[in-house]
Amino acid sequence: MRQVFGTKTRTVQDSLKNKPDIQSKPQCAGCGLFGDIASLSEKPICNGCVSYYRSNPSLLPVILAGIAGVAELIQTASESASASLDAQQVLENAYAHQRSATEARMGHKPRTIPHSYGSSGSGHGLAPYANLSKARAYQSEKRLKLEQAKMKDITIKVMGGLWKVWNDKCSMLSLSRVSYVFEPSATAKAAFEKLLDMCLPHYKKEFPDAKALDWSIISVHFHESQSRSFSLDHFDKKRPISELFEECIRQKLLPELKVADRTLEVRFVFHINDIMPDEDVLASYISGLKSKVRPQQSGFKATLASKRKLDSQPAPPMSKHLASVRQPRSSAGPIRLKSAFALPLAVHAPVVTGQPSVRQSWSRNPTMVPAKFVRTLAEFTETCHVSWKGTGIEETIYLPSDLGKIQENEGYIGHGYSKFAFYARFEGTEYAITQPCDPDLSEASAKRLLQAEFGLLCQCDGFKKIFDDYVELVEPGMSESIPDFYFNFPKSIFGRFITTPETKLHMPHKYFLATPLLPCGKLDPKIIKFTGNNGMNTPSSNIMRAVHAFTHFSWIYSRGHIVFCDLQGAKDDGGRWCLIDPQVHTNVEDTEKRNEYWDLGPKYVKKFIKEHDADCGSNWVCNYLGLRTLVLDESGDLAEAASHVNRSSAIQPSRSNSIGTNSYTGPVVRKAY
């Protein structure tokens, strides 16, 4: 290759021959750099290596230390220098080395940087992170944002607020809107309870003298907008909150923004009448609302106020306010609005396995341990007695490992007069397992007590089926008008634990009674007593009237032999009334032959019937079923008895006749007790 410059011609090889050889320059024994540096003509290593090994003498290689003059340079400097340098000094030394070695060797003009590298305005390297704590905070914040971005695709944010219904208007309590982020596997009920518990302080501040909120007076609604909401009463609250979110998406109830943010909102709706049953408390609340009306304004604002008819008319008398608030309602209970979904959501059956499934949603999660048992079956006979049969089949129930009787223990449910209850699981269903409180009670006595209670549940369940049959015979379809209830006998277990050398029984007794668990959370309604053990009580609701009518019918059907008492219960997850732990008085004089300690004999049978007689005439269920005119006759059967029922008193109740005395003498019931 040739290059032409004017009249002269030369080759590239010729130009390279004229360039000085770099290897002829002094070289540093430490880093191997070449350069026209004065220090290299006098010292075996360059100034950069000297600075480096001064700050890190322990890193000096043995070969390098053996070169004449190196050890003296490092030792001399280390006597006067600090054993270690901070990051700022290392950077300054590195750039000093660059200015004195690299730039000069390459023939470049040395770069200039501020003396204090990384100071404000430098704009180079680690300047934004001169403060190490700020750098760490930045990295931590960045990681948190990444985690939140990942969790956004997993968790579901649920918002909720309290809404009151008064005078045909539904409005939200101020500052009662809360939110919480839930795992997709959390049950809808657990999510709603958490949100409602967060709302309670605002409720107590707004209504300090009102009734405490619970699920008996609250209905949950999906919040679509300020003017639209839909009831979620049909949705199974035991299902995961993720399924509710997915169903809302399928029904196109959520805007795109909330779908992207995985957010939904609910309302907790209650009626003012339900939390203020007392007239004086309600009147005080209305007076407080009147006092909060804004004072009359002037100018343009007054014109707007007049257009809105604020203060344009005098307030009506307090009686009219009460009349407008006390709207007639078909029955007490939560407000029911339009359903949120076109079709009811499918109810998922519980997982039925020996070992509880990890995917099953539980109301509580204590540590569970398995226990073997065998059960004894009870069957209601045609003579209204109970027959017993052992299965001999070993089964497994799961019990809490901790039996501490404290409120903080998730496995502990509570205790009553004679029994305590713990949480249990069996074949995908939650149970309350009960045993006598007395740990010194003999096994024979514990068995007798628990078996009597289980048999009584069976007997009540049998009488209730006969009662339902009678209702249908009186008038087909009438059972839909009478409040429905049942006894907690189906799926209940009376069993005996099996002890083996490998397993240790940690329950106080071998025998136990297990019944399906009713809602017993913090915000679930408490157990309601419909009748006591010493008296009937005056019915104050339709469900109480229905239970009293059942007691009346059972007394008639048993020929005056029994009166079921201490009837109590609560609503199950499906909203149906479930009665638990009944007792009975029998018309047996001999105390040794009576049922158990709760059986107080003929005296209390008469007492119960006498008390019910005072209320029977005003009990529309008793009147509609003709129970005041129903008497037992051996020559008739149930169907014929129902065809002769006189229900005229259902329209005009008559209190002239007492129970069991009536002019009707036709055939009634053929059943013998």
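User: Does P602 count as buried or exposed?

Analyst: The general idea is a cut-off on relative accessible area: buried is under 20%, exposed is over 50%, and partly exposed is in between (1.4 Å probe, protein chains only). P602 counts as buried because its relative accessibility is 8%. This is a predicted model, in which local features need pLDDT of at least 70 and side-chain atom pairs count only at pLDDT 80 or more, while totals for chains, interfaces and linings use all residues. Residues are numbered from 1 along each chain as its sequence is written, and side-chain values use heavy atoms, with hydrogens and water left out.

User: Which helix holds P602, and which residues does it contact beyond its sequence neighbours?

Analyst: Helices (H or I, at least four residues) and strands (E, at least two) are DSSP runs, numbered from the N terminus. P602 belongs to helix α17. Contact means heavy atoms within 4.5 Å. With neighbours within four places in sequence set aside, P602 contacts T586, N587, V588, E589 and R594. V563 is 39 residues from P602 in sequence, and their C-alpha atoms are 9.6 Å apart.

User: How do I read the packing of α16 and α17?

Analyst: Start with the axes, which are lines fitted to C-alpha atoms, for helices over the stretch in contact; angles run from 0 to 180 degrees between N-to-C directions. Here α16 (residues 542-557) and α17 (residues 602-616) meet at about 130°, and their axes are 11 Å apart. Angles under 35 degrees are roughly parallel, over 145 roughly antiparallel, 65 to 115 roughly perpendicular, and the rest oblique. The two helices are therefore oblique to each other.

User: What is the handedness of the crossing of α16 and α17, and which residues meet there?

Analyst: A crossing is left-handed if the near helix is turned anticlockwise from the far one by less than a right angle, and right-handed if clockwise. The α16 and α17 crossing is left-handed. From α16, the residues H548, H552 and W555 meet V605, I609, H612 and C616 of α17. By class, this contact has four nonpolar, three polar and no charged residues. In that scheme Ala, Val, Leu, Ile, Met, Phe, Trp, Tyr, Cys and Pro are nonpolar, Asp, Glu, Lys and Arg are charged, and the others, Gly among them, are polar.

User: How many disulfides are there?

Analyst: A disulfide is a pair of cysteine sulfur atoms within 2.5 Å. By this rule there are zero disulfides. C622 is in none, and the nearest cysteine sulfur, belonging to C616, is 4.0 Å away. C622 counts as buried because its relative accessibility is 0%, whereas C170 counts as partly exposed at 35%.

User: What is the phi of R559, and of D581?

Analyst: Most residues other than glycine have a negative phi. R559 has a positive phi of about 60° and is not a glycine. R559 sits in the loop between α16 and β19 (562-565), and at 41% relative accessibility it counts as partly exposed. D581, also not glycine, has a positive phi near 50°. D581 is in the loop between β21 (577-580) and β22 (583-586), and counts as partly exposed at 29% relative accessibility.

User: Where does R177 lie, and what does it touch?

Analyst: R177 is in the loop between β4 (169-172) and β5 (178-182). Not counting residues up to four places away in sequence, R177 touches M159, G160, G161, M172 and E265.
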